[in-house]
Amino acid sequence: MKKTTKHITFGTIYFLLIAFSFQACESPSRVSNRNLSGLYSKKNFEPKAEIRFYHDKSDSSDVYFSIPRTDLLYIKKQQGESESLIQLSWKLFTGYDSRHLLDSASFIITDQNYFDLNENLYGRFRIKIPVGPLVVCELKITDLNRQSENNYLIETTKDSTFRSRDCFKIELNNDFLIQNFISAKDTFRITKTGESKKLLVRYYNREFPLPTPPFSTERIKPFEYFADSIFIIDSEKGAGLNFPQQGFYHFQSDSTDKAGYTLFRFSDDFPAMTDVLSLLYPIRYLSTRKEYENILMAKDKKEALDNYWIMLGGSQERARELIRQFYSRVQDSNRFFTCHTEGWRTDRGLIYIVFGKPNSVYRNSLSETWIYGSGGNSLSISFNFEKVKNPFSNNDYMLQRSPSYEMQWYSAVESWRQGRAFNQK
């Protein structure tokens, strides 16, 4: 079957986005058999996107996307116009272990005459998703001017009662909110597919402990589902919701189960880290208890934190490079692994920050495996993460801890403490 690609052009005022869909003739490999390490890559020149499903019909759904224009290359044309070309291609599978392709398509967006690169490029396209169990969407976004690409893997389920998280729609500044976090100043509106007008909101204000080292046998305390407060909102009353208090807010149309949509209020600079306390907390992964407590109790915490990094680096120049690499991993963890807590505080965030980006990543519906080093190498390290059934997020994974990791963990931490960011090859 011949593949058809559609070009869509839009400018500064409005755009129309229509995807041409086709049924693929090839038999693709299972997602679970592929190395997915590219999901956690960070290149300087690649389109980084936020993507989210919205289920409003039983046979199809919208896929919303947002791409920072600063990630795209605009080339000036003969008429003096600057233009970017972005290709979106996707394949929709009936699960990680399935070769059954529900739908696949490709289209090209042309973005012209845009001069304010501080804004994002928003769009949506329609995709065939029936009511049923888990489906997995493999999406590739390519900047054709720069010949760079980024790959995304998004999973969703559509139940016949339309109570799942992807049946809720958040509108912020007249745009569909794709990310699931807001700032203190944001005022938004929430609606839900179906007839629900009144929504129950459960508010949780919890401070989760830092993850323990991978060799720890300490038992993790289960989450208490008793909300700190509960209130009702009327989605018909339009915009006007504002949540200045940090924590997370779980919206439900039916209180008889845990299904719903969760909106998070982290720090206002999230996923970035700017204030001294947010910069201080992650160093607990590298510091001794005494070092950490001394910085925490210091009168001038910024100066104490700076001195800590200079102590590790041995000089200001090496300290600056250590800081750059460490907090780059912290911020990337917030991008990749955030669930009911910030990404850097999760098990995957812990491993990513200390060990770096894994060489290989394999995922199925129940777990995710990271491999540092080449396959079959006796020096390689493997970490297995079990997927947690979490009503607040489908991005929660728990590390299978083992005493066998102790030597590898301390070796990686010691590398940082000797002034070298650890990277397992």
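Trainee: Why is Asn 173 called exposed?

Mentor: Its relative accessibility is 62%. Exposed means over 50% relative accessible area, buried under 20%, and partly exposed in between, with a 1.4 Å probe and protein chains only. Asn 173 therefore counts as exposed. Bear in mind that this is a predicted model, where local features need pLDDT of at least 70, side-chain atom pairs count only at pLDDT 80 or more, and totals for chains, interfaces and linings use all residues. Residues are numbered from 1 along each chain as its sequence is written, and side-chain values use heavy atoms, leaving out hydrogens and water.

Trainee: And why is Phe 162 called buried?

Mentor: Phe 162 has a relative accessible area of 14%, so the buried label applies.

Trainee: Where are Phe 162 and Asn 173 found?

Mentor: Phe 162 lies in the loop between β10 (148-158) and β11 (168-172), and Asn 173 in the loop between β11 and β12 (175-176). Strands here are DSSP runs of E with at least two residues, helices are runs of H or I with at least four, and both are numbered from the N terminus. Phi is near 55 degrees for Phe 162 and near 55 degrees for Asn 173.

Trainee: What makes β11 and β13 a pair?

Mentor: Two strands pair if DSSP finds at least two bridges between them. β11 and β13 have five, in the antiparallel sense, so they meet that definition.

Trainee: What makes β12 and β13 edge strands?

Mentor: The open sheet runs in the order β12-β11-β13. β12 and β13 (188-192) each pair on one side only.
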